[in-house]
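Subject: Structure handover

Hello,

Here is the structure I said I would pass on. My notes on what was found in it follow below.

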Amino acid sequence: MSITDVTAYMQEVGGKARAASRALAAASTGQKNDALNQIANLLDGRREDLMRDNRKDLDAGREKGLSAALLDRLELTPARIDAMIDGLRQIAALPDPVGQIFDMNYRPTGIQVGRMRVPLGVVGIIYESRPNVTADAAALCLKSGNATVLRGGSEAFHSNQAIAGAIKAGLEEAGLPREAVQVVETTDREAVGAMITMPDYIDVIIPRGGKGLIERISRDARVPVIKHLDGICHIFVDDEADPQKAFDVCLNAKTQRYGTCNTLETLLVHDTIAGDFLPHMAQAYWEKGVELRGCEKTRAILGDQCLPATEEDWDTEYLAPILSIRVVDDLQQAMDHIEAHSSRHTESIITENITKARRFLQEVDSSSVMVNASTRFADGFEYGLGAEIGISTDKFHARGPVGLEGLTSVKFIVLGDGHIRT
């Protein structure tokens with residue numbers, strides 16, 4: 001689409017979103033669920049079109065020299081299309097948070113005071129690479145009664161527009177406005193600048209992408225932002241860990257998929273078990289093609305096949321088959337390392353000692369903290385949210401995977417019977 005005045009175009013998109021948000025806030029649960037199921041059916045019936053348009057993006061990405069990790073994030077495989085469809089249907093089956101009334105109490109004056117859950121209004125989402133975000137974000141915003149403006153990366157333009165076509169058709173079939181979900185039809189970067197400075201039209205911005213993108217949005221936005229900058233995730237293998245559990249979890253957390261924010265980036269191992277545990281663990285990593293970078297104690301155990309880790313490594317989200325390893329004296333030193341280098345995304349401890357596990361859960365300050373589980377579980381789908389619109393490492397307004405409830409706010413409601421204040 002040829003758009004000469006991007007600012008005017010984005011103002012038009014914002015105005016339509018604001019109007020649609022009022023209709024969507026009043027829509028029934030059945031109407032929203034119908035739209036979600038219609039969109040799922042349409043995506044299922046348009047698989048060949050989706051794959052064809054995705055190939056256009058993949059071919060263009062290869063020509064531009066995109067990394068293997070970025071191409072992986074961009075690709076729509078049959079399994080990922082299945083996951084999009086399943087996510088839509090799962091969200092349709094979830095309870096509708098909008099209109100829920102809770103905490104109703106009588107006050108001494110006789111009035112009843114409580115709270116009602118309501119949509120945020122218009123949610124703007126800026127994201128890179130992954131076209132499945134288009135469907136996931138649209139579905140979550142739709143079910144939570146929010147209109148949404150989606151601005152995907154230029155590398156996924158054809159894929160996103162193909163998904164958008166199914167979304168618009170599904171909304172219409174359910175009797176909801178097409179403008180309830182709008183995918184920006186220009187790759188001009190000026191569209192991002194316009195989105196984050198339109199508080200009259202957009203109530204919150206959720207960025208998903210590289211650290212540079214999120215830092216820019218956080219710095220320049222005039223609209224509230226829900227974000228996480230990166231995912232530097234840790235696993236600590238305690239001296240009281242079950243060796244097989246530790247092996248399985250650590251291998252999965254790093255190698256199940258490299259280019260995600262919940263992938264393991266730094267492995268911490270208790271000094272008393274490192275000599276037995278690390279050679280076996282390292283061999284499995286090497287067989288998977290993972291490059292290891294370790295502290296002096298780690299290299300003393302693993303030899304020259306493990307490169308020396310620098311201070312920069314402890315603060316790096318690789319999104320690639322690279323892993324940093326540090327041998328630590330005890331739980332306290334592991335938690336001190338996490339405090340110094342974590343991005344507050346996800347951390348896990350492998351231990352059979354319940355006291356240590358509870359201490360780790362209580363003292364580690366991240367949005368997801370786990371015991372004997374892979375960091376790869378830090379995901380809205382795995383948490384039963386249906387899908388996620390992003391991971392928030394902020395402490396306001398939402399934290400962790402942001403699902404339906406994270407896309408709503410509350411207002412106070414008061415019930416009286418002619419009551420007056422004296």
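By class, the lining of the largest pocket has 17 nonpolar, 15 polar and 18 charged residues. Please keep in mind that this is a predicted model. The volume of this largest pocket is about 1200 Å³. It is lined by 50 residues, and those closest to its centre are Arg130, Arg208, Arg257, Thr260 and Asp379. Two or more lining residues come from each of α4 (68–74), α5 (78–93), α6 (132–143), β6 (204–208) and β14 (391–392). Helix α5 gives the largest share, six residues.

The second largest pocket holds about 410 Å³ of space. Its lining has 19 residues, with Arg151, Gly153, Ser154, Glu155 and Arg189 nearest the centre. Seven of the lining residues are nonpolar, five are polar and seven are charged. At least two residues each are supplied by α3 (47–64), β3 (122–127), α7 and α9 (211–220), and α3 has the largest share with four.

Helix α7 (residues 157–173) contributes the largest share of the lining, three residues.

Helix α7 was looked at in more detail. At 1.5 Å a residue, its 17 residues should span 24 Å, and the end C-alpha atoms are 25 Å apart, which agrees. Its buried residues include Ser159, Asn160, Ile163, Ile167, Lys168 and Leu171. The buried residues of α7 pack against α2 (29–45), α3, α5, β3, α6 and β5 (181–183). Just after the helix, Gly175 has a positive phi of about 80°.

Is Asn160 buried or exposed? Its relative accessible area is 3%, under the 20% cut-off, so Asn160 counts as buried. Apart from neighbours within four places in sequence, Asn160 is in contact with Tyr127, Pro131, Thr134, Gly152, Gly153 and Val183.

Last, the charged pairs. Side chains of opposite charge can pair when their charged atoms come close. A search of the whole structure finds 31 salt bridges. One of them joins Arg117 and Glu405, with the closest N and O atoms 3.8 Å apart. Arg117 is in strand β2 (residues 112–119) and Glu405 is in the loop between β15 (400–401) and β16 (408–415), so the pair ties together parts that are 288 residues apart in sequence. Arg117 counts as buried at 12% relative accessibility, whereas Glu405 counts as exposed at 52%.

Another salt bridge, between Asp220 and Arg216, has an N to O distance of 3.9 Å. Both residues lie in helix α9, four residues apart, about one turn of the helix. Asp220 is partly exposed, with a relative accessible area of 34%, and Arg216 is partly exposed at 28%.

Glu291 and Arg293 also meet in a salt bridge through their side chains, at 2.7 Å from N to O. Glu291 is partly exposed at 30% relative accessibility.

Regards

Notes:
Residues numbered from 1 in each chain as written. Predicted model: local features only at pLDDT ≥ 70, side-chain atom pairs only at ≥ 80, totals over all residues. Heavy atoms only, no water. 1 Å grid on protein atoms, 1.4 Å probe; cavity = no way out; pocket = protein on both sides within 12 Å on 5 of 7 lines; lining within 4 Å. Points joined across faces, edges and corners; volume = space filled by probe spheres on them. Nonpolar A, V, L, I, M, F, W, Y, C, P; charged D, E, K, R; others polar. Expected span 1.5 Å × (residues − 1). Buried < 20%, exposed > 50% of the residue type's maximum accessible area, 1.4 Å probe, protein only. Contact = heavy atoms within 4.5 Å. Salt bridge = Lys/Arg side-chain N within 4 Å of Asp/Glu carboxyl O.
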